[in-house]
Amino acid sequence: MRADDILHPTEAGLYCPPGDFHIDPIRPVARALITHGHGDHARAGHGAVLATRQTLEIMAIRYGADFAGQRQVAEGAIRVGDTTVSFHPAGHILGSAQIAVQPDSGPRIVVSGDYCRRANPVCAPFQPVPCDVFVTEATFGLPVFRHPDPADEMARLLASMAEFPDRPHLIGAYALGKAQRVIALARQAGIDGPIAIHGALQRLSDYHVEQGIALGPLIPATAADVPAQLVIAPPSAFASAWVQRFRDPVIGFASGWMQVRARARQRGVELPLVISDHVDWPQVTATIRELAPAEVWITHGAEEGLMRWCALEGIPSRPLRLVGYEDEPE
Amino acid sequence: MRAFAHLLERLAFTPARNAKLRLLRHYLQATPDPDRGHALAALTGDLKLRAVTPGLLRGLMADRVDAQLFALSYDFVGDLAETIALLWQTDRDEDVPLHQAVALLAQTGKAGLPAAIATMLDRLGPSQRLAFLKLATGNMRVGLSARMARIALAEMGDPDVADIEEIWHGLSPPYQPLFDWIAGGARPEQAARAPFRPVMLSTPVDLDQLRAFDPGDYMAEWKWDGIRVQAINDAGTRRLYTRTGEDIGDSFPDLVEALDFEGAVDGELLVRRGDAVAGFGDLQKRLGRKSVSRAMLDSHPAGLRVYDLMLWQGRDLRGLPLAQRRAVLDAATFENPRIDISPLLEFATWDDLAALRADPPAAVIEGVMIKRRDSAYVGGRPRGPWFKWKRDPMVVDAVLLYAQRGHGKRSGFYSDFTFGVWDGETLVPVGKAYFGFTDDELRELDRFVRQNTVDRFGPVRAVAPGLVLEVAFEGLNASARHKSGVAMRFPRISRIRWDKPVAEADRLDTLKAMIP
């Protein structure tokens, strides 16, 4: 069986005919295998969902307990149709996994989903899984993306808070994963006092704490007067009237895109923090070298850059041009 | 250079003036000499270094990065220096003193420059690489004027801004004597020829306030809509300064050449064609140029209209009463026809002056200046001796079209408003205003924008036509860059016309008729 017959893009997303399932489908399907809980990968309304326990629980928080007809926790090797699948940590957000698809005969394909190789206090580290075909994202698939140590970025946040002690610092961070990571990084950087969070982060942050991830004292950023200098909110909140309660805030944004000034300017950000839950260029290229797959498939992002690199390295690659995945989902 | 790189980055993303000042002041306080002086010069554009060309930088990359990956990267980043700073491969991140980087760029010969730049980049982490490359290409673009730099300096110690402006042009990077003075040391000797001297400024006035004064105590002249300048010829050294001490001589070589007197005079810089004075729009075309083309010199000739003398033929006249200084001025002759004297206005009563102000002989007059006859020439803005009585602003009723979110104290509020007027059946944007309203009015405007949004473009919202704004402005220029063909000067929202139907807003023809 050729790799194409095992997995290929369709309008609903990546489809596996021998297993009769989709991976991270963007529209309702009979059986979905889901890598992680971000809204553009994990959607409600499928017949059956197979995912890690944490991803299932995150989906239940976001969509309600009945988000799919059947829910199955991925543990160990699982038979699905004429394939065996297994889930492996991806290091992206809490519960995130790569999915290895092994047909009864034919090449082994690993769909990495969104992944990151840098240590992250809110999730398990990426686990390299040997494979014939490695399916990778290329969100930051250009050599300009070399994300700095997040501790250095937190040092910049602390310096700004010290330089402008009278101004609240509002940091935009996506509600699932990035927000909790920024909070955990702030704790590592020595911020012990209360951190205020926007209401949209409350349930997901509570869930992280239930899973044993210490986030320290969090207070709601809903009162007229919020007694915390550091406030975390989803970026969309900065367009809402919610911001008006803060006097002369410093607006920041934690994202891998902040490495490029023009992108930070478009966001109207005063304090860009380069903190990413995706592989940057050195990580994605090192991962491909480490796994040494026979072929690389690229799901979405800056595929031209990564394809060029693969060509220079002599590794066959092809773009899947999957649509429906955002650059960095909310 | 690590701290300098951090400063550049913060300044580039910080829109608020006061926050910029604080960032700069903290940097200058924490950074040793001579690095802080070099940084100051870099920010104010006073650091004269060999300009590194984009071609040289591209050549460095050609040896190091695949051409296709470089092209994709540059296309994404959009800025050559930034692309290279991000792409450069090195494991080192030394904190190289800024003066070392400056010395490298100032002293390395052309042949050795590419290798020297590469060696320096090999020593630096990404943010320092960007700072170094910005230094090398001479393009800081962090929105900090020389004036703001001097304000930050003034906040560091006792000398105030006027004190610093007065000696600024005798100083050169890295400004050690200046920093010593600010720290409590001796004032630097003004060694330079033709130094800038603090300008005497006026305060606004109206007819009711004037009635308290005896018109006989005052002189009046037209208020010209040009640029206030201090023109100096000090034993052959010629300088043309703005009222904040910027030397703009490079932009006006025709006028500098005409300064064939001995003294320091106070007057208005204007574009003049024969006896006619052109509008501010014409003068604006001459501003900010490092060199001026022959064609521009011919089509937009600069002139000077003098209204006061500070120094004249070796004498400092500043302590004399205005009437005596004016007598010396009236007796002076300026050989060059580019220079003439601003005439005094004849008036016996304030109502006479009001009549003159209401009907000036030229569109380039923006009101009248009223000065006490016995006033000495005092730098700064003393209250009383000099008044400006500006003509009433022009106003137009326009329709709110777009709103953009503000920064800092206005975070979360739609506070920058683009408005338009009718051109046939459509509304064309004619300007943008972000002040003139109270905090309460801002809340009401913000609410209106949120409730009437029809489209979103990033931080900008398009608003359904439904609100008329009375916009006041100081003048109107023809503009090829604006779709409407007009550009407003100093527009602000003077009233919110909740009562007025959109259909009754003004038309573009009305605006065009206001262009001088």
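Two residues count as in contact if their C-beta atoms, placed from the backbone, lie within 7 Å. With that in hand, let us walk through the model. This is a predicted model, in which local features need pLDDT of at least 70 and side-chain atom pairs count only at pLDDT 80 or more, while totals for chains, interfaces and linings use all residues. Residues are numbered from 1 along each chain as its sequence is written, and chains are lettered from A and ligands numbered from 1 in the order in which they are written.

In helix H3 (residues 35-44) of chain B, B:Asp35, B:His38 and B:Ala39 meet B:Leu98, B:His99 and B:Val102 in H7(B). Three of the residues in this contact of H3(B) with H7(B) are nonpolar, two are polar and one is charged (Ala, Val, Leu, Ile, Met, Phe, Trp, Tyr, Cys and Pro count as nonpolar, Asp, Glu, Lys and Arg as charged, and the others, Gly among them, as polar). Helix H7 of chain B covers residues 98-107, and H3(B) packs against H7(B) at an angle of about 55 degrees, with their axes 8 Å apart (axes are lines fitted to C-alpha atoms, for helices over the stretch in contact, and angles run from 0 to 180 degrees between N-to-C directions).

Now to where the chains meet. Here 31 residues of chain B are in contact with 29 residues of chain A. On the chain B side, the elements giving two or more residues are helices H1 (2-13), H2 (17-30), H5 (67-77) and H6 (80-87). H5(B) gives the most, with six residues. By class, the side of chain B that touches chain A has 13 nonpolar, 11 polar and seven charged residues.

Further along chain B, we come to some strands (two strands pair if DSSP finds at least two bridges between them). Strand E16 (residues 460-463) of chain B runs antiparallel to strand E12 (residues 394-405) of chain B, joined by three bridges. In E16(B), B:Val460 stands opposite B:Gln404. Strand E15 (residues 453-457) of chain B also pairs with E16(B), in the antiparallel sense over four bridges, and B:Asp455 stands opposite B:Ala462 in E16(B). The hairpin of E15(B) and E16(B) has two residues between the strands, and B:Gly458 there takes a positive phi near 55 degrees.
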